[in-house]
6 protein chains.
Amino acid sequence: MRPDGRTAQQIRPVTITRNYTRHAEGSVLIEFGDTKVLCNASVEKGVPRFLKGKGQGWVTAEYGMLPRATHTRSGREASRGKQGGRTLEIQRLIGRSLRAAIDLSALGENTITVDCDVIQADGGTRTASITGACVAMVDAINHMRKSGMIKVNPLQTMVAAISVGIYKGEPISDLQYEEDSAADTDMNVVMTDSGKIIEVQGTAEGEPFSIDEMNALVELARHSIRELNDLQKEALN
Amino acid sequence: MRPDGRTAQQIRPVTITRNYTRHAEGSVLIEFGDTKVLCNASVEKGVPRFLKGKGQGWVTAEYGMLPRATHTRSGREASRGKQGGRTLEIQRLIGRSLRAAIDLSALGENTITVDCDVIQADGGTRTASITGACVAMVDAINHMRKSGMIKVNPLQTMVAAISVGIYKGEPISDLQYEEDSAADTDMNVVMTDSGKIIEVQGTAEGEPFSIDEMNALVELARHSIRELNDLQKEALN
Amino acid sequence: MRPDGRTAQQIRPVTITRNYTRHAEGSVLIEFGDTKVLCNASVEKGVPRFLKGKGQGWVTAEYGMLPRATHTRSGREASRGKQGGRTLEIQRLIGRSLRAAIDLSALGENTITVDCDVIQADGGTRTASITGACVAMVDAINHMRKSGMIKVNPLQTMVAAISVGIYKGEPISDLQYEEDSAADTDMNVVMTDSGKIIEVQGTAEGEPFSIDEMNALVELARHSIRELNDLQKEALN
Amino acid sequence: MRPDGRTAQQIRPVTITRNYTRHAEGSVLIEFGDTKVLCNASVEKGVPRFLKGKGQGWVTAEYGMLPRATHTRSGREASRGKQGGRTLEIQRLIGRSLRAAIDLSALGENTITVDCDVIQADGGTRTASITGACVAMVDAINHMRKSGMIKVNPLQTMVAAISVGIYKGEPISDLQYEEDSAADTDMNVVMTDSGKIIEVQGTAEGEPFSIDEMNALVELARHSIRELNDLQKEALN
Amino acid sequence: MRPDGRTAQQIRPVTITRNYTRHAEGSVLIEFGDTKVLCNASVEKGVPRFLKGKGQGWVTAEYGMLPRATHTRSGREASRGKQGGRTLEIQRLIGRSLRAAIDLSALGENTITVDCDVIQADGGTRTASITGACVAMVDAINHMRKSGMIKVNPLQTMVAAISVGIYKGEPISDLQYEEDSAADTDMNVVMTDSGKIIEVQGTAEGEPFSIDEMNALVELARHSIRELNDLQKEALN
Amino acid sequence: MRPDGRTAQQIRPVTITRNYTRHAEGSVLIEFGDTKVLCNASVEKGVPRFLKGKGQGWVTAEYGMLPRATHTRSGREASRGKQGGRTLEIQRLIGRSLRAAIDLSALGENTITVDCDVIQADGGTRTASITGACVAMVDAINHMRKSGMIKVNPLQTMVAAISVGIYKGEPISDLQYEEDSAADTDMNVVMTDSGKIIEVQGTAEGEPFSIDEMNALVELARHSIRELNDLQKEALN
């Protein structure tokens, strides 16, 4: 039924490789099948101007796609002189998701920036980014604790994300590019490790969808995210 | 309970003024309480490059906020030299919502651009924009039919949008600025006139929310959007 | 003789609506016939860097045109990434005109920014902007005095502006778009309420003009500006 | 009375050097005292898009100031990534002035671009630019006629420009930087060689000025421009 | 003597992994010790405007560094809105080097773009880029030949590059970051597989260097580049 | 043999005019034949942020080309909104070369910025810029010493630069534009007055070159640079 033979509920093989690069305080390569994203978490002293003197920290994210991560080459954003709307939208989503996992006041006046750079794209780059960025952030937090920058663990929950959609009339999980292009409805769900929703974004690409369909999709997402949470924890042990 | 005395389900007074300016093919001022958005629909021959020769049309949107639409003045995007992430995100959402209402192949190789400019902001500017932009688009379509540019009506459904959220523990509809700032969860829902979902975007600003809470919010949105559909139809008669 | 039946000296109906929006310290919608400009004056503590520590204030202006204020849609400057030469020229003119009305040293180290956004254009947008911006600035000053930010009234004169031109061989006042496009000479005059010139800018669009013609135009402008001063004062009472 | 001992009516020594650089079709170094502007006129086949197929030509100008043309170094516009408002305003003025001297329909579908680059500034850079650019344009036209690009001479008049102002209560001509900084009123006048006005721009830097003062200034400008016309003609022989 | 115990002539372990990503026509991960660069070669029909209709092809390169490829995070160029001078300099160098290896007229009107993105930096990113990009280009050429886009092999030579420098008074090859920061002289050499020079760029970071020292460095480079050529050929078999 | 009859070793007539403009602390017009570059050195108190508090000074350069310095007009970088890669590359080279001539710690926390603006181009603009900029920098240093800003002379050596190349099979010095376009190899060499290399950049435009050819070119450059050093010293006396 699905191009790669998966069942409707089945996510692609997920690999989480920690310490993938040398310099970042947290560095994770996450793979959802052929989608590969490098998530580097950097720790810097200080906070953005709007937070100065408020005694809390900040977590933010930037997202990029290598020009040939995709089937055809897309122009380099640095060379075009601006980040596109899709890029900004995704990096805002990643940032919000990570901040929901953290008690910012326990972070001190420090900033964690997670760079999510897509090495190879095959659908689900934003959900892989969130899932990998959370692991990289945990490594960065551990680095801060070891080096004495912070005393208390600011982490409140793990966060992970999955894309779900209605493909040939049926709800499926973790769409790869081919399915994504053909799906009627595309939904991204970000959840805590207790199955609460941090963010849900659903779009009717073709036919509008019913509230019942929405529910089926979110339930499916909850199931897959639980799997991702297990994989995150496994990687961190 | 609510700062302006509304019940949880009650939307603000909505006013839809057609033909608000003189030049645009469709020109609507929409007011959701103190939120006022001018929606101007422009008809232009031709389509963007990626659609040339495909025999279909295009609908797109741009969004802007006058610098002093808000409590404190925010910098003019034209003078800063770029549109912010929030602006791009909103105008992409408006564009997708309008395209879901239209059979683009019935539009010929023509483009409708709807400019949504916020004159005064008090929460819900993106949902007011979508609701008003749809009426302006209908006027632009009528103009195209009268002038013979198109033969068939490409409109397939009206679209409208509302923000819902969890405020002091309770789901409420059509949040004004004060409620929006204090809400735990903020959700924007775009629907067809038959109650199907075109887009749903929910964000946990404070506590993550449960699937049940999500359902309550979407049901509430469905109720409010039905009211907005009636107001749209009334305005168009 | 004139397309809308006015006499050569006659200006269009002028409407000045104060408190047009809710947040700005001064908010004026000014209409010169079908030309409609929203002038929002914002008060902010502090001055630009080049004035820091000099014990004086600053008044500045920004000008914008909604994309569909005109007959055909023009690209949004925020999306093109820069303000055009015409925009910069007009906002510099508005700023200079307003500063000529004020004793900046009586303003304290505060800044008034007046945003002039054209909702609908039919010729004379820059002169309507100046005339409306002055009223909005007076409201902002009154707000500063009431709130105790300043003790002394820094206002030294009202300023108003009109466009005059030679159309079909005859000097006329307050050109609408159709006249403006066909005029040989186009002149914008900014004056104090005692009939002194703050700024005069005359351009031969077709035939160069003589010093005598220039004089006739400035005299005509003086007459019209006196009318505008009366309307400003009426609006402020 | 004046810092350099000139009478009120007296302009600075003016030098016009043709063929100053080798590549441009017209290349003029013009000096108004210590103000030195290099005016290079380039001839190119074709016209801007908005004129294509209309059977007429175009004349345009660009203006720049070397970073250390002034007393203190100002940032290079190319490095800041945009041209300032003053630059755009001046180059629009130069372009309009040159087009007023030409019958564009006699130019064929060709474009003359005049680059005015200020090598050294001491007041009056825009008036020196216009006066020198006109001579460079004449050389470019002569080049076009010799090479057979055009048959008929499109030149209708010479144009020249001067700044005048009220300094210590008295109208003076051709203000140098020191006078310009201290003047109450600053006016730039562009005229044809028959003494007709192409453009007049007067600004009250300090006190507003009367219509009588305006007249005195324009008369003074007419006198000086006549001198400049003679110098232009002399240079062209 | 050297921080990692290498002899003066010894280059770091070099790894060349072909087919590193899935979509690019040529995809190579090259590692010079801890420096890791992903080189993706993309084949596109058509050539830049300045080459249209000339019957030849084009080879160009773009270079980027992931924000956390370095010890401390550097700002993302896409987000700052422009590529820095160093980036432009390097990508121009890579492009020139690759074009020197190719007979552009045998490429048809096609373009090969090689994206060199630094995943991890430890000195020598530009020389690793050139060495890896050449292998990726060969794979892209093979793809073009297999798919029938070109008949003849346009490759004329392999190119490779190495950095050499004077460190603690002695010429050494393939400087890592720590050596690079402390070196007196830094030279990058690009050569063909017959030991001819395509590009040489030497800079005195500390003391200026003599012609004899320059010669010693270039000889050393020739030796190392020969090793790199062997590794390239091995990888391609 | 050479288009202008020079011998292979012969440089073009060089003219160095000091005090070319009035405002800059050092102002030099340098001419290498028809190549003319204005080099203005500006002295400013303070240093860039990355040097604050380190007790040393900074020397930097900016490079520009007037739009019609070349055979055909090239677009103004200020108007295109960014400096091209070639411009950035050249101004970085000039800056590095000047800094190699100076003991920055003897400069105090002051900055010298040298603007090199090409008035007319005929090959060798970057080498003329470096040679002229050094003289302008010496004048700026003398100004700083006279005004008491610095006590000790920070100058350690004069620097000068020449382009050499292989043209019709033979090494020649100081290529003019016509030779430059036809040369197989193009090399720019920057040296101290004792014949040590500060920077060498050689590019094979056509055929790759051998180490022997490189040596012949650098020897030739040394000879020419010695001549330039004499001309610099002569100009400074």
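**Exercise 1.** How much area is buried between chain B and chain C, and what percentage of it do carbon and sulfur atoms give?

*Solution.* The model is a predicted one. Between chain B and chain C, about 3,000 Å² is buried, and carbon and sulfur atoms give 45% of this area. His23(B), Arg68(B) and Arg73(B) supply 25% of the area that chain B buries against chain C, more than any other three residues. By residue count, 38 residues of chain B are in contact with 38 residues of chain C.

**Exercise 2.** Describe the polar side of the interface between chain B and chain C, then the make-up of the side that chain B contributes.

*Solution.* Start with the charged pairs: there are 16 salt bridges between chain B and chain C. One of these joins Arg22(C) to Asp34(B), with the closest N and O atoms 2.2 Å apart; the cut-off for a salt bridge is 4 Å. Next come the polar contacts, which number 23 residue pairs between the two chains, counted with both residues at pLDDT 80 or more. In chain B, the elements that each supply at least two residues of the side touching chain C are β3 (35-45), β4 (58-65), α1 (77-80) and β5 (110-120). The residues of that side divide into 13 nonpolar, 12 polar and 13 charged.

**Exercise 3.** In what order do the 5 strands of the open sheet in chain C lie, and which helices pack on this sheet?

*Solution.* The order is β1-β2-β3-β5-β4, with mixed pairing. β1 (14-18) and β4 (58-65) of chain C are the edge strands, each pairing on one side only. From one strand to the next, the twist averages 20 degrees. β4(C) pairs with β5(C), residues 110-120, in the parallel sense over 8 bridges; Met65(C) has Val118(C) as its bridge partner. Helix α3(C), residues 125-146, touches β1, β2, β3, β4 and β5 of chain C, and its direction makes about 35 degrees with that of β3(C). Helix α5(C), residues 211-236, touches β1 and β2 and makes about 30 degrees with β1(C).

**Exercise 4.** Why is one side of β7 of chain C and of β7 of chain D left without a neighbour in the sheet?

*Solution.* The open sheet has 8 strands in the order β7(C)-β6(C)-β8(C)-β9(C)-β9(D)-β8(D)-β6(D)-β7(D), with antiparallel pairing. β7 (170-173) of chain C and β7 (170-173) of chain D stand at the edges and have a single partner strand each, so one side of each lacks a neighbour. Neighbouring strands are turned by 15 degrees against each other on average, direction ignored. At the chain C end, β6(C) and β7(C) pair over 4 bridges, and the bridge partner of Gly165(C) is Ile172(C).

Notes:
Residues are numbered from 1 along each chain as its sequence is written. Chains are lettered from A and ligands numbered from 1 in the order in which they are written. This is a predicted model: local features need pLDDT of at least 70, side-chain atom pairs count only at pLDDT 80 or more; totals for chains, interfaces and linings use all residues. Side-chain values use heavy atoms; hydrogens and water are left out. Contact means heavy atoms within 4.5 Å. Buried area is the accessible area (1.4 Å probe) that two parts lose on being put together, summed over both. A salt bridge is a side-chain nitrogen of Lys or Arg within 4 Å of a carboxyl oxygen of Asp or Glu. A polar contact is a pair of N or O atoms within 3.5 Å; within protein, one must be able to donate a hydrogen and the other to accept it, and residues adjacent in sequence count only if both atoms are side-chain atoms. Ala, Val, Leu, Ile, Met, Phe, Trp, Tyr, Cys and Pro count as nonpolar, Asp, Glu, Lys and Arg as charged, and the others, Gly among them, as polar. Two strands pair if DSSP finds at least two bridges between them. Axes are lines fitted to C-alpha atoms, for helices over the stretch in contact, and angles run from 0 to 180 degrees between N-to-C directions.
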